[in-house]
Amino acid sequence: MNLTPQQWQTWWTSPTSATQRALYIHLPFCRKRCSFCNFFENGSNPARISHYVDELSKQLYIASKTPFVQSGTFDTVYVGGGTPTDMQASEIAIIGKTIQTFPLAKDAEITLEGRINGFTHAKFDAALSSGFNRFSFGVQSFDTQVRLAAGRFDNRETLIERLQELSEHPSASIVADLIFGLPGQTMEIWQQDLQDVIQSGVHGVDLYQLIGLQGTKLSHQAEKKATSKQKQQTLAPAVDSQTRASMYAAGASLLESSNWQRLSSCHWRRDNRERSIYNSLAKSGIEILPFGAGAGGNIHGHGMMNARDLSQWHQAQSQATDTLPSQVPGMVMSPNPSAALDSQFKAGLDSGVLALSDFDTELVSHLMPLFSAWQTNGLVKLSGKIMTQTLAGRFWNVNLQTGLFAYLKQNPF
């Protein structure tokens with residue numbers, strides 16, 4: 001839908017009706033494009049980043065003073081990308097201090113995403129002093145050879161040592177992302193990755209399976225090998241689904257036997273310091289204010305995705321006023337009438353437990369043929385009014401969500 005300037009102004013002068021809110025800030029810069037990634041947008045040119053941070057902080061400050069923003073507190077903030085840690089220490093501090101102008105909940109979680117390489121002591125100190133209390137690092141694998149093949153910086157020893165240093169902080173939560181199914185990553189290497197992440201001392205870990213996406217370096221390599229008659233549209237993962245399922249099972253087993261608590265199908269924590277508030281609330285459909293080129297979220301029930309083009313984003317900033325943030329080109333979607341229900345299903349399935357008693361009885365009966373099929377195939381267990389995902393169901397969680405919504409589309413309730 002097209003949003004008129006008058007509607008845009010109304011958005012920022014009207015109070016929110018949301019009970020929980022988040023702030024998402026996007027830094028679309030990376031020093032290097034990893035082989036498995038199709039999110040690369042802009043190279044990390046220092047001058048370009050500096051100009052972007054200056055404009056972004058101005059927009060955030062203007063937005064923070066609007067009646068809409070001031071009408072409700074923010075439970076969580078996520079600064080993602082891209083590689084936000086490619087900012088200079090002073091720029092990290094600028095963004096952090098600008099975030100503090102928003103009405104934050106007393107115990108708000110404020111996350112800075114990035115990579116270990118280049119994340120100096122000065123950057124860590126600047127982030128901590130400006131309000132960041134959670135740090136999420138894309139490790140992917142500790143194995144030096146696997147990392148080199150994937151286009152990652154640093155070797156195994158450097159990663160473990162730096163993560164151990166950061167994890168010794170008395171209050172900050174340190175999180176590492178791992179990917180299973182990378183080229184050259186055998187089961188033996190994956191098991192060592194799991195041991196390494198535990199040894200590193202981090203407080204939380206995400207286990208993601210490699211998904212073949214169009215537009216990555218890996219997919220381009222596969223397309224070159226394909227004949228004209230067999231041209232691949234997407235890259236098959238480096239290992240088959242059965243092996244990836246075994247890798248997921250190995251990860252879940254080791255973490256849980258080591259007393260790590262599972263918070264979702266892909267996230268575990270060592271202790272209560274790690275809360276993963278943004279990830280859990282985002283899946284429940286809360287209001288998320290998006291800032292920056294390529295940022296996505298929703299305002300007043302309208303889904304939003306800002307355009308990725310930097311020149312368009314900067315052009316929009318020139319039109320900002322002292323009382324209204326700039327209207328960035330992109331997509332604005334009409335409110336989804338079933339958004340609350342959809343989010344309830346997504347959050348439940350992602351947690352691994354769906355309380356059927358929370359849903360309309362007739363809707364549950366309507367969906368029971370699908371749920372029964374899942375149980376027959378070993379994906380869930382039905383017990384009274386509770387549906388619990390098995391290990392296999394958690395591995396195929398995204399597919400279960402897709403299948404549920406496809407079922408409802410084909411069999412309207």
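For these exercises, Ala, Val, Leu, Ile, Met, Phe, Trp, Tyr, Cys and Pro count as nonpolar, Asp, Glu, Lys and Arg as charged, and the others, Gly among them, as polar. The structure above is a predicted model, so keep that in mind as you work through the tasks.

**Exercise 1. A pocket**

Task: Find which residues line the second largest pocket, and sort them by class.

Solution: 
- Step 1. Start with the space itself: the second largest pocket holds about 180 Å³.
- Step 2. List the lining: Pro5, Trp8, Gln9, Ala316, Gln319, Ala320, Thr321, Leu324, Pro325, Ser326 and Gln327.
- Step 3. Look for the main contributor. Helix 1, residues 5-13, gives the most to this lining, with three residues.

**Exercise 2. Two cavities**

Task: Compare the class make-up of the linings of the largest cavity and the second largest cavity.

Solution: 
- Step 1. Count the cavities of 30 Å³ or more: there are three.
- Step 2. Take the largest cavity, with a volume of about 70 Å³. Its lining includes Trp8, Trp12, Gln59, Phe291 and Met304. Helix 1, strand 9 (287-291) and strand 11 (302-306) each supply at least two of the lining residues.
- Step 3. Sort that lining: eight residues are nonpolar, three are polar and none is charged.
- Step 4. Move to the second largest cavity, of about 50 Å³. Among the residues around it are Arg115, Arg147 and Arg152.
- Step 5. Sort again: here four residues are nonpolar, two are polar and three are charged.

**Exercise 3. A sheet and its helices**

Task: Work out the strand order of the open three-stranded sheet, and say which helices lie against strand 13.

Solution: 
- Step 1. Recall the background: strands of a sheet pair through backbone hydrogen bonds, either parallel or antiparallel.
- Step 2. Read off the order, which is 13-15-14 with antiparallel pairing. Strand 13 (353-355) and strand 14 (380-383) are the edge strands, each pairing on one side only. On average, neighbouring strands are turned by 15° against each other, direction ignored.
- Step 3. Zoom in on one pair. Strand 13 and strand 15 (residues 386-389) run antiparallel and are joined by three bridges. Alanine 355 is opposite isoleucine 386 of strand 15.
- Step 4. Helix 14 (residues 361-376) lies across strand 13, strand 14 and strand 15, at about 120° to strand 14.

**Exercise 4. A salt bridge in a helix**

Task: Explain why aspartate 54 and lysine 58 are separated by about one helical turn.

Solution: 
- Step 1. Begin with the general idea: side chains of opposite charge can pair when their charged atoms come close.
- Step 2. Check the distance. The closest N and O atoms of aspartate 54 and lysine 58 are 3.4 Å apart, and the two form a salt bridge. The model has 11 salt bridges in total.
- Step 3. Look at their positions. Because they are four residues apart in helix 2 (residues 46-64), about one helical turn separates them.

Technical notes:
Residues numbered from 1 in each chain as written. Predicted model: local features only at pLDDT ≥ 70, side-chain atom pairs only at ≥ 80, totals over all residues. Heavy atoms only, no water. 1 Å grid on protein atoms, 1.4 Å probe; cavity = no way out; pocket = protein on both sides within 12 Å on 5 of 7 lines; lining within 4 Å. Points joined across faces, edges and corners; volume = space filled by probe spheres on them. Pairing = 2+ DSSP bridges. Axes fitted to C-alpha atoms, helices over the stretch in contact; angles between N-to-C directions. Contact = heavy atoms within 4.5 Å. Salt bridge = Lys/Arg side-chain N within 4 Å of Asp/Glu carboxyl O.
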